[in-house]
Amino acid sequence: MKRLVLSALATVCLALGAQAQQIRVQNYEALAARLAANRDSVILVNFWATWCKPCVKELPAFDSLARAHAAQGLKLLLVSNDDPAMVASHVAPFLRKRGLPYEVVVIKDTNPNDWIGRVHSSWTG
């Protein structure tokens with residue numbers, strides 16, 4: 001009985017934790033508007049994907065930086081290039097497993113070449 005109660009409690013805690021993180025699916029224009037509207041803090045934007053090994057490797061460094069400077073107002077925004085249909089099956093579990101509580105946007109544009117150059121002219125994705 002104790003094991004059943006503990007298991008149920010763990011399930012509820014995991015479900016509450018999953019609800020706390022917001023993962024939005026947006027196109028590039030909505031992301032750009034969200035960033036332009038920000039006036040109260042510095043936002044570090046990291047473009048990444050669960051399938052990108054170099055991206056996954058650098059996430060702990062971004063996490064450490066964001067945590068170290070949170071008191072100064074630094075916010076980390078993770079912009080995923082994963083398929084929007086894979087948010088529940090791949091992106092959300094990936095973030096939970098690694099304890100990454102940051103705001104996440106999954107880009108839903110079908111052709112990244114339409115917006116990559118607008119991030120910065122020297123960035124190639």
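Two strands count as paired if DSSP finds at least two bridges between them. I also noted that helices (H or I, at least four residues) and strands (E, at least two) are DSSP runs, numbered from the N terminus.

I'm working with a predicted model, where local features need pLDDT of at least 70, side-chain atom pairs count only at pLDDT 80 or more, and totals for chains, interfaces and linings use all residues. Residues are numbered from 1 along each chain as its sequence is written, and side-chain values use heavy atoms, with hydrogens and water left out.

**Entry: strand β3**

**Entry: β3 and β4**

I checked β4 (residues 103-107), which runs parallel to β3, with four bridges joining them. Which residue of β4 is the bridge partner of Leu77? I found Glu103. To get from β3 to β4 the chain goes through helix α4 (residues 87-98), in a right-handed β-α-β crossover. Right-handed means that, with the strands pointing away from the viewer, the path from the first strand over the helix to the second runs clockwise.

**Entry: β3 and β2**

I then turned to β2 (residues 42-48), which pairs with β3 in the parallel sense over seven bridges. Leu78 in β3 is the bridge partner of Asn46. Helix α3 (residues 53-68) carries the chain from β2 to β3, and this β-α-β crossover is right-handed.

**Entry: Ala30**

I found Ala30 in helix α2, residues 28-37. Ala30 and Val105 sit 75 residues apart in sequence, and I read 9.9 Å between their C-alpha atoms.
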